Each structure stands twice: as C-alpha cells, then as structure tokens.
Amino acid sequence: MRIVVINHVTLDGVTQGPGRADEDTRGGFALGGWAAERGGDEAVGRAWGRRLAASSGYLLGRRTYQEVLGHWNTQDSPFRDALNNAPKYVASNTLAEPLPWPNSTLLSGDIPAAVAELKQTPGDDLHIMGSGALIQSLSPLGLIDEYQLCVHPLVLGTGHRLFADGFGPVAFSLADATPTATGIIIATYRPLGDHA
C-alpha cells in the first residue's frame with residue numbers, strides 16, 4: 001500500500017483549519033475556514049473523488065479521527081456513509097479500543113513502525129487527510145509516498161504548516177498539476193532522494 005496525503009494548503013504552507021472557523025483553533029488560530037470561504041471548487045471535488053474512489057481507506061491521527069468523523073456523522077451527507085464504511089487506521093497512543101466509529105483499527109506504540117508494516121499490506125492507496133502531526137512524524141522518515149495538495153492562492157502568515165521547521169531538505173517531483181477556475185492548483189508531488 002502507498003501512503004498518500006490529500007490536503008488543502010496555502011501558499012505559505014498552512015494546513016490548519018481549512019474547513020470551518022472552529023475546526024482547529026489551537027494556538028489561538030482565528031483564520032479557520034479559509035478553504036471553505038473560497039467556495040466549492042468542482043475541480044477539487046472531482047480530483048478528491050477520483051482519488052478516494054480507488055482507496056484502501058484512511059490513515060488518521062487521533063485529533064482528525066475524532067474531529068472529522070464527529071462532524072460528518074452529524075451531517076446528512078453521503079460522505080458520512082463513505083467514511084464510516086471505509087477502513088480507518090488511527091495513529092494514537094492515547095485512544096483505546098474499541099474505537100467509536102465502524103471499521104477503525106488502532107495503531108499505537110511505535111507509530112512509524114506500524115505504518116511501515118501497514119505499507120507492506122497489498123491494496124490501493126491509504127489516504128491521510130488533515131492529521132498534521134501524523135504527517136510531520138512520517139514525512140522525515142520517508143513513509144509518505146505522495147502528496148496531492150490543493151494549493152490555495154492565499155497567504156495567512158500564521159497557523160500550523162504542512163512541514164515542520166527542520167524538515168528536509170527533500171526534493172519532490174511534480175507528477176501532475178491542474179489549475180482550477182478559482183485559482184487553486186491541484187498538484188501531486190512525490191518525494192525524491194534520501195530522508196533524515
């Protein structure tokens with residue numbers, strides 16, 4: 001299985017709170033909802049839909065697991081059933097089984113080792129959405145195979161970023177890039193070379 005990140009990101013690398021104003025206010029972040037404020041972008045929806053249709057499930061950090069599923073299970077949306085029916089691997093050393101959402105498996109202890117083992121499992125891509133701390137823990141170890149980023153033409157100047165200070169240097173190849181009518185670039189990158 002490959003591990004693929006699918007995320008919204010600003011030009012300055014911020015990934016915090018794209019969906020709602022109250023989605024992630026850690027550190028006093030008051031700019032949540034920045035992706036949603038740009039309105040729905042059909043090209044982004046189609047790109048994510050194609051990606052997720054050929055998925056073996058999700059790899060999520062604890063906070064995203066609780067937040068995303070907690071939110072979508074209160075909505076009347078087909079996304080709710082798709083999330084509940086999909087396999088979910090939850091990286092956490094604070095949660096305990098049984099996990100509250102169907103088809104959820106807890107990965108605890110040495111999370112990078114558990115993810116490396118999961119990558120050896122046959123199947124389609126496993127997707128990480130949100131889960132910034134998880135991405136930052138796996139990226140330097142070379143455990144993420146691809147990043148599909150919806151790059152918004154926006155600079156926030158504050159907020160949690162996709163890559164933590166001290167990450168890299170790592171070069172990436174551009175596998176695909178598609179501009180949308182709203183100015184978003186849907187870009188797919190693959191890391192090259194050695195990781196720390």
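Guide: Leaving aside its neighbours within four places in sequence, R26 is in contact (heavy atoms within 4.5 Å) with Q16, R63 and H160. This is a predicted model, in which local features need pLDDT of at least 70 and side-chain atom pairs count only at pLDDT 80 or more, while totals for chains, interfaces and linings use all residues. Residues are numbered from 1 along each chain as its sequence is written, and side-chain values use heavy atoms, with hydrogens and water left out.

R26 sits in the loop between β1 and α1. Helices (H or I, at least four residues) and strands (E, at least two) are DSSP runs, numbered from the N terminus. With a relative accessible area of 41%, R26 is partly exposed; buried is under 20%, exposed is over 50% and partly exposed is in between, by a 1.4 Å probe on protein chains only. From R26 to L134 the sequence runs 108 residues, and the C-alpha atoms of the two are separated by 16 Å.

The volume of the largest pocket is about 1,300 Å³. It has 49 lining residues, and P18, E23, V68, M129 and G130 are the closest to its centre. A pocket is an open set of points, on a 1 Å grid over the protein atoms alone, where a 1.4 Å probe fits, with protein on both sides within 12 Å along at least five of seven lines; lining residues have an atom within 4 Å of a point. Volume is the space filled by probe spheres set on these points, which are joined across faces, edges and corners. At least two lining residues come from each of β1 (3–10), α1 (42–53), α2 (62–72) and α5 (132–138). α2 gives the largest share of the lining, 7 residues.

So much for the lining; now consider α2 itself. Its buried residues include T64, Y65 and L69. Seen down the axis of α2, the buried residues fall within an arc of 100 degrees, so they line one face of the helix. The arc is that of the directions from the helix axis to the C-beta atoms. H71 is also found in α2, and at 22% relative accessibility H71 counts as partly exposed. E23 was named at the centre of the pocket; H71 and E23 are 9.5 Å apart in space, C-alpha to C-alpha, and 48 residues apart in sequence.

The largest nonpolar core has 23 residues, of which L59, L107, V115, I128, L138 and I144 touch the most other members. Such a core is a set of buried Ala, Val, Leu, Ile, Met, Phe, Trp, Tyr and Cys residues joined through side-chain atoms within 4.5 Å. Each of β1, β3 (88–91), α4 (111–119), β5 (125–128), α5 and β6 (146–152) supplies at least two residues of this core. The most comes from α4, with 4 residues. Another core, of 21 residues, lies apart from it, with L69, L83, A86 and I186 among them.

Not counting residues up to four places away in sequence, L59 touches I3, Y89, L107, V115, L126, H127, I128, M129, S131, L134 and L138.

In α4, the buried residues are I111, A114, V115, L118 and K119. They fall within an arc of 140 degrees when seen down the axis of α4, so they line one face of the helix. Among the elements that cover them are β1, β2 (55–61), β3, β4 (104–107), β5 and α5.

Some backbone details remain. S131, one of the residues that L59 touches, has phi near 55 degrees, a positive value in a residue other than glycine. S131 is placed in the loop between β5 and α5 and is buried, with a relative accessible area of 5%. N103 also has a positive phi, near 60 degrees, and lies in the loop between β3 and β4. At 44% relative accessibility, N103 is partly exposed. That loop between β3 and β4 holds P98 as well, which is joined to E97 by a cis peptide bond with omega about 5 degrees. Another cis peptide bond runs from G168 to P169, with omega near 5 degrees; P169 is in the loop between β6 and β7 (171–179).
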